[in-house]
Structure formats: structure tokens, C-alpha cells
Amino acid sequence: MLLTMSKVEIVGVKTQFFQVLETLQDLGTLHLEDITKKKGPRYADLIPMEMDPALEEERNLLQNLAMRNNAILAELVPPKEKVSKAVLEEKYRSFQGKTLGDISAMVEEEESSTRELISYKNELEVEMSRLSKYEPIIKKVYPLASKVTTTEQYTSVALLIEERYKQVLDYIEHELERITGGQCDVFSARVDENTHAAILVFHKRFSEQVHNFLAAENVNQVRLPTELADKPYDEALQEIETRYKEIPPKLEKVKEDLEDVSNRWYATLVALKDYLSDRIESLNAIPKFGQSGHAFVITGWMPSDQVEPTRKLLEEKFEGKVEVTEELPTHAEMEEAPSAMQNPAAVKPFEFIYLLIKPPKYGHLDPTFLVAIFFPLLFGFMLGDMGYALVLFGVAMLIRRIIKKRASGGVFATLFANVLLICSISSFIFGLLYFEFFGDLLIRLFGWKDAAGHVEVQWVWGYINVNGVEEPWGWPLERIAQANEGMFKLLLIVVIIIGALHIGSALVIGMIDGIKHKDRKHVIEKAGYLLFILGLVVIFGSLWGIKSAKDVAVPLGAVMSLAGIGMAGYGGGFGGGLEAALTFGNLLSYARLYGIGLASVILAEVANELGAEFGSGLMIILGVIVAALLHTLNIALGVLSPSIQSLRLNLVESFTKFYQETDVVYKPFKRSGGE
């Protein structure tokens, strides 16, 4: 449900302004309003507060400190043992009595402790990354280069040549001897199945001619880092190899040193990050406030049950120099009231729907409870299987355990795990109704199927008339009703009833909203939709169920439906009347529930059938693996498709009948959370 909000005005002497602001931030209940955007006589005499040069300078300094502090924090790995909120709170409080000079000195001390380590670590990582590019070359050429010894007058170059072109080495050796007059040597060897390596050694005075020759012949030389380019190839490779072995232990040592720093400083840095962020947010909020003479004025919204405790706290803390007044909002101000939700634990997970749309507008009914009822109901109807439900239950519990172990898992993961848990219970209940456990696995194991593939044991609860023939129905319900058309008809009626209840509930919410806002036409429009649906229920109820009453019920239902269209047209104009008629299509949309559920159970039975085809003996193991893979696929599809369809039916078929999104979500002015 939506929290009841109160519009409040806080007035106090200017000398207490920053202390009041800090107190409000600690309380974390006030949704601030921008007083400069307010119109009316109430705000005519107020002058917007401004940031004076001293405050501007303070904000710039805070931002600079925050940037430097965050840069240090980004380089540190969080301690293995999670920092408790109590420790963070204690350190946060310790900053409140310090001057900016004290905090600045502390940040400088942090930087001096970490700057050299971070810089050295970055240098080592860059060099390691650069040298790693030469690792494949080193592995290929180094064994050959280690056999080559050069003197000061001689230099060398290395070549890597594909195996299929190895004949070119004879040509290169011949030309090298011609250019150097025989003052050269060529070492070559096959270094892997596709590559030949060669090192050309020659007198330095022929260096230019040799490199020109290799370039003219388009022979690729192995390039080395710039600082080693002038060294003989054997020396250069040896130096790279040595360096490549030296860096990892040094890097590990630096990381250990940084870990020590993190253990000592991490909690302080996180608390300081929050403190600086809160101070900056406080200063940024100043232009939203008003002033008059020696007083400041802050306006905003807070939950109504928080007004009195806030008033009492401010009056006691500031000895009557600060006054909290609950204002009577105008109609225009009510339109801008923020929305805040507070739902019971069983309903709260379904607030996930507001990750897709905005929360409901203030002053209207919160439909989360409707989603909490119908989302699991629709999900379970489609994926009704006790075995699949147990798997989903296990997955949901595993996710919850991981989230609890990490002590944080994000809003989406938490909501997803809780919704999956509730849906698994619904899936189990429907699975019990259908008596499905990984499809027809139990029925197969215990031989409860007849030759036609139907359950032999069934408790008959009643009969349904199909084309003049009374066919039984009972427990378990057979979703695949090949020889019993009555079962297909019964389940189809059930989904249409679910649809009528779902849409009907949405229309009732729309009518209540209309009554609350004294919008007569809105109420008539929604009542027209509802009457149209009731008319359809009367008609189809008599055709499919109580046939003895159809002579009266069909004309009555037709009159009700036409009257409904008329009322919707009166309340909502031509569009309203048209929308009422189209509601019939909305109802038929719920038939997809049966189709998706049918596809799921058929795939489950196919998995069992395929697994059984592998016969006996060791082949049973292969059959179980095949069946398990197909069931896994079916569960994945079973989660995805019912979730999407349940969402669609809630958002498209139900919410469109009444829902109004808010433009203002409740965002209280509060302290950071210590992340």
C-alpha cells in the first residue's frame, strides 16, 4: 500500500541551519521540495537561499577530497572480513567533529601511504602486459638464441618462417653471404610443427644492407621492445626472459602491501566517502530552500507517522528555535506528492514490477497486492508440476543463501529469489492438482496409465456435458485430455474465469480510485467495463454450464453487455465504449495460459518417453541423462515463458484498466548507506 504522506514546512533561525540540515539528513525521512519552483502567496515573501563564495569554495574542496579519496578506494581490495555497520558508523561520526583541514591532512596521509605502491603496481602490470606479448616469441626463439654467441662487432636479427616456406631460408643465407662477404652465420631450427625460427648473425657494418634486403624481400623480422632493439638478439631475449620471471613475485609483494594498507584504511575510506558525499549533497540542496530575514524555510513531504517524532526531536534539540508545521496541501501540490510503498513481507517481492514501470501515483490504490495474488496463480497454472516446483524451490533457496553470504545481492536478485520461491509453491499446488511430477514420471513408475495413456485412478468429482455426453472430471486433472473433451473445456472455462476475476479486480480498483477522487464519469466508465464482462459471464455460463437457463440468461447477458458499452461510452467517450467492447479480446488472452501449460506438460512427457526408449542395462543411465537434459530445458522454458506471460497479463490486460504512474517517487534526504 502507499504510505500516507504529509506536507511539512520547517522554519528556524539561520544560525541553526546547518545543524538542522545535518539532523534531517540523519533522520532520513524528508523528501525535499525545491521552494524556488513553488508559486502562490505562501512563497511570495521567501527569498531563495544562495551559495555564497565561502560555501562554493567548501563544496569545491569537498569534491576534490571525494575524488582523491575515491581514487584510493578504487585501488584497494576490500578486506576479506566484512566491515560491520557499527564500525562504519563510528568512523563516520568521527568525521563530524573534524575541520576540512583535518580531513584534507588525512587524505594526504592516505595518498602518501598508497601513492608509491599503486604507481609501482601499475608500472609492473603495464610492463607485464607488454612483455606478455613477447612470450610466444620467446618460447619459440629462445632455445635457438641461447645457442648463439655474438661479439661487440656482430649483431643479429631473428625470423619466424612458416614451415611450408622454409626453403626461403636457403635463399636468405645465400644473399646474406653475398652482402657480408661471408662474415655471417645463420642458425635455424624447427620450433613447432608449423614454424621454423632463424637467427642471422652478421658484422654490424653490414646492418643497413641486411635490413634493406630483408625489407625488400618482405621478410618479417621478430620485433623486440624499443629499449632492447639495439642489443644482439640472444642478449635481448635473455633479458626479457629474466624480467618476465622477476615481475610476478614483485607484483605479488606489492599486492600484499596494498592489502595491509586496505586492512588498516578501508573502513575509514568508506566512511569518509559517505561523509564527503553527504556533505556535498547537503550543500547542493541549499538552493532548494528559502529564507526570510533571519529565518530559513525548508519544505517537503514525509510519512505522516514521522511528523510528530520529527517535530518533537527538533524542538528538543534546538530548544524551540526550530518549528515543524504540517501544511494542508493544495490540489496542485497533491499532484506532486511523492509515492512511497510499504507492503507486507509476502507482497513486497512483487514490487519487482516497478522495475519495469513507475510506482503508482500518490492518492491512488497500490495494486501490488493484486500482482501478489495473480502472478503466482497464473504462473502455477502454466507450470504446475511438483518435481519442477521442487527444483525451483531449491534454486530460490540457493540464491537467497548466496545473497545472505555476500550480505548484498542487489534489489533485482533479492526480489527474483523471493518471487521464484512463492511461484514454486504455487507450481507445487497446481502440480498436485494435475498429479504431475516431472510430467507423468510417477504414473509411469507405478504403472497407473492405461493403454491409451490416461490415468487409471481418478476420483470423480462431477460431470461436464460435451455435445450431449456427460464426461467425468475429478482428481487428478488431466491437462492432456485426448479422450476427454470435457477436461479441455473445463480448463478453458477455468482460465476465462481467472481472466474475468483478474480484469474485474482491476476495474473495481479503478472504480474505488474514481470514487476517492470524486470523478463520476471515471466511475461510470469502469462500471461499464465491469458490466460488459459480467454480461459475457452470464452468456457463456449458460451456454457452457447451466444450459437450462440459457433462454433467459443469453438475452439478459446481451442486455448487460450492451448497457456496459453504453455506460463506458458515457463515462469515457467513444474511446471508452470501444475499449469496453475490446475487453472481450482481453478475456480471450487468458486462453494462452492453457496453451503454454499444455506445451510444458507435453515436453515433460516427451522427455520421459525418450528416456524410456533407451531400454535396460547400462543404457538406462544414458536414458536418464537424456531425460534430465530435456527436463532441464523444459524447466528453463517453464520459468521464462510463464513469467513473461504473467507479466504481460498483469501489465497489459489488468493495469491498463486503472493504473496511473507517479511522476514523483519518494526519495528522502538521507545519509549514504556505507557501501
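Biologist: What should I know about the ground rules before I start?

Modeller: The model is predicted, so local features need pLDDT of at least 70 and side-chain atom pairs count only at pLDDT 80 or more, while totals for chains, interfaces and linings use all residues. Residues are numbered from 1 along each chain as its sequence is written, and side-chain values use heavy atoms, with hydrogens and water left out.

Biologist: Let's start with helices. How many residues does α5 have, and where is its kink centred?

Modeller: Helices (H or I, at least four residues) and strands (E, at least two) are DSSP runs, numbered from the N terminus. The expected span of a helix is 1.5 Å times one less than its number of residues. Here α5 covers residues 100-132, which is 33 residues. From first C-alpha to last, α5 reaches 45 Å, close to the expected 48 Å. The bend at a residue is the angle between axes fitted to the seven residues ending there and the seven starting there. In α5 there's a kink of about 40 degrees, centred on T114.

Biologist: Next, rings. How many aromatic pairs does the structure hold?

Modeller: Rings of Phe, Tyr and Trp (its six-membered ring) pair if their centres lie within 6.5 Å; planes under 30 degrees apart count as stacked, over 60 as edge-to-face and the rest as tilted. The structure holds 18 such pairs. One of them is Y171 with F213, a tilted pair at 6.1 Å centre to centre and 55 degrees between the planes. That pair links distant parts of the chain, with Y171 in helix α7 (residues 168-180) and F213 in helix α8 (residues 207-216), 42 residues apart.

Biologist: Is F213 buried or exposed?

Modeller: Buried means under 20% relative accessible area, exposed over 50%, partly exposed in between (1.4 Å probe, protein chains only). F213 counts as buried because its relative accessible area is 9%, and Y171, at 37%, is partly exposed.

Biologist: Which aromatic pair lies in helix α14?

Modeller: An α-helix has 3.6 residues a turn, so residues three or four places apart point the same way. F430 and Y434 both lie in α14 (residues 410-434), four residues apart, about one turn of the helix. They form a tilted pair, 6.1 Å centre to centre with 40 degrees between the planes, and both are buried. There's also a cluster of F17, F18, F289 and F296.

Biologist: What sits over the ring of Y570?

Modeller: A charge sits over a ring if NZ of Lys or CZ of Arg is within 6 Å of the ring centre and within 35 degrees of the ring normal. For Y570 it's the charged end of K521, 5.3 Å from the ring centre. R671 lies over the face of Y92, at 3.9 Å from the ring centre.

Biologist: And the sheet: in what order do its three strands come?

Modeller: Strands of a sheet pair through backbone hydrogen bonds, either parallel or antiparallel. Two strands count as paired if DSSP finds at least two bridges between them. This open sheet runs β4-β6-β5, with antiparallel pairing. The edge strands, β4 (154-162) and β5 (184-192), each pair on one side only. β5 and β6 (residues 195-203) pair over eight bridges, and V186 has L200 in β6 as its bridge partner.

Biologist: Where does K518 lie?

Modeller: K518 is in the loop between α16 (485-516) and α17 (520-544). K518 has a positive phi of about 55 degrees although it isn't a glycine.
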